[in-house]
Amino acid sequence: MTTTLTTTEAGRPARVWPSGWFGVVTWLLGGLLLAFIVLPVIRLVTTSSVASLRHAASTAAVRDAILLSLQAAAITAGIATVFGVPLAYILARGRFRGRSVIQAVVDLPLVVPHTVAGIALLFLLGRTGWVGGPATHLGVSFYGSQWGIVAAMLFVSAPFAVNSSRVAFEAIDPRLERAARSLGASPWHAFRRITLPLGLRGVLTGAVLVYARSISEFGAVVIIAYYPATAPVQIYNLFLQSGLTQAASAAVVLLIVTLATFLVLWTLASGRLLARVDRAYR
């Protein structure tokens with residue numbers, strides 16, 4: 001039995017869409033999941049009037065909370081990338097005893113309840129914690145500060161930076177690095193000129209995912225730094241103090257802002273920024 005593969009005009013294999021009963025089932029199941037994701041968001045947006053959105057956006061507490069979340073998430077994404085990329089490279093290229101244990105530790109924040117993560121961080125970074133105690137004597141406080149918010153965000157989102165970069169590095173043929181080394185390139189030079197440019201899409205994708213995940217973090221943040229309030233904490237406060245309507249308006253404002261920034265960053269990570277970096281390396 002022979003199989004004929006159709007191709008596009010560019011010579012690439014044409015996409016094969018599911019057909020028949022299999023296509024119906026796949027579209028039905030996939031459509032139900034999409035509806036479950038989209039319908040709550042649509043219902044949330046339609047509950048708020050333009051006037052209520054303007055009022056929420058003009059409220060100083062909401063505006064400051066959103067700005068704090070954006071700033072802390074950006075700092076978290078930078079820290080996670082700087083420290084996560086080297087670890088991702090070690091996991092992608094290294095074959096050593098304990099590698100699976102390190103990978104499990106990296107993934108640990110994905111399974112730890114975030115309130116538990118906040119309590120654990122409080123024991124470490126609180127005023128009497130192993131790190132927080134000495135830091136307090138040096139004038140650095142994690143409890144109830146922006147640095148505590150960044151620490152909580154970093155704990156829950158760091159796996160995205162490491163895993164995305166690791167997958168990108170694993171997809172790169174190691175023979176390219178060995179060829180560069182055989183021509184006299186140092187390990188750093190081979191990484192900077194070959195591995196990093198080829199894996200840059202994965203690195204940037206991880207940074208964007210860290211940024212997006214950090215903005216939405218509530219459980220760990222509310223334990224270690226209830227104030228200053230981030231956007232999710234402020235929305236929760238509005239829900240407790242003023243009810244569902246005002247909380248919904250603030251939630252829609254946060255949704256609009258975060259979605260806009262996420263789309264901008266995702267576009268840069270997937271297209272224009274990569275093209276500029278590629279031209280720079282050439």
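**The pockets and the helix packing**

Let me start with helix 13, which supplies the largest share of the lining of the largest pocket, namely 6 residues. Please keep in mind that this is a predicted model, in which local features need pLDDT of at least 70 and side-chain atom pairs count only at pLDDT 80 or more, while totals for chains, interfaces and linings use all residues. Residues are numbered from 1 along each chain as its sequence is written, and side-chain values use heavy atoms, with hydrogens and water left out.

By helices I mean DSSP runs of H or I with at least four residues, numbered from the N terminus. A pocket, on a 1 Å grid over the protein atoms alone, is an open set of points where a 1.4 Å probe fits, with protein on both sides within 12 Å along at least five of seven lines, and its lining residues have an atom within 4 Å of a point.

The largest pocket holds about 370 Å³ of space, where a volume is the space filled by probe spheres set on the grid points. Its lining comprises 14 residues, and those nearest the centre are Ala-212, Ile-215, Ser-216, Leu-255 and Thr-258. Two or more lining residues come from each of helix 10 (200-215), helix 12 (231-242) and helix 13 (244-281). By class, this lining has 11 nonpolar, 2 polar and 1 charged, where Ala, Val, Leu, Ile, Met, Phe, Trp, Tyr, Cys and Pro count as nonpolar, Asp, Glu, Lys and Arg as charged, and the others, Gly among them, as polar.

What, then, lines the second largest pocket? There are again 14 residues, with Phe-83, Leu-87, Leu-154, Ala-158 and Val-162 nearest the centre, and the space in this second largest pocket is about 270 Å³. Helix 3 (60-93), helix 4 (99-111) and helix 7 each give at least two residues to that lining, which divides into 13 nonpolar, 1 polar and no charged residues.

I turn now to the packing of helices. Helix 3 and helix 10 pack at an angle of about 140°, with their axes 8 Å apart, the axes being lines fitted to C-alpha atoms over the stretch in contact, and the angles running from 0 to 180 degrees between N-to-C directions. The residues of the contact of helix 3 with helix 10 are 11 nonpolar, 4 polar and no charged.

For helix 5 (residues 114-125) and helix 7 (residues 146-170), the angle is about 130° and the axes lie 10 Å apart. The contact involves His-114, Ala-117, Leu-121 and Leu-125 of helix 5, together with Ala-151, Ala-152, Phe-155 and Val-156 of helix 7, and these residues divide into 7 nonpolar, 1 polar and no charged.

Finally, I would point you to the peptide bond from Tyr-227 to Pro-228, which is cis, with omega near 0°; Pro-228 sits in the loop between helix 11 (219-224) and helix 12.

Notes:
Contact means heavy atoms within 4.5 Å.
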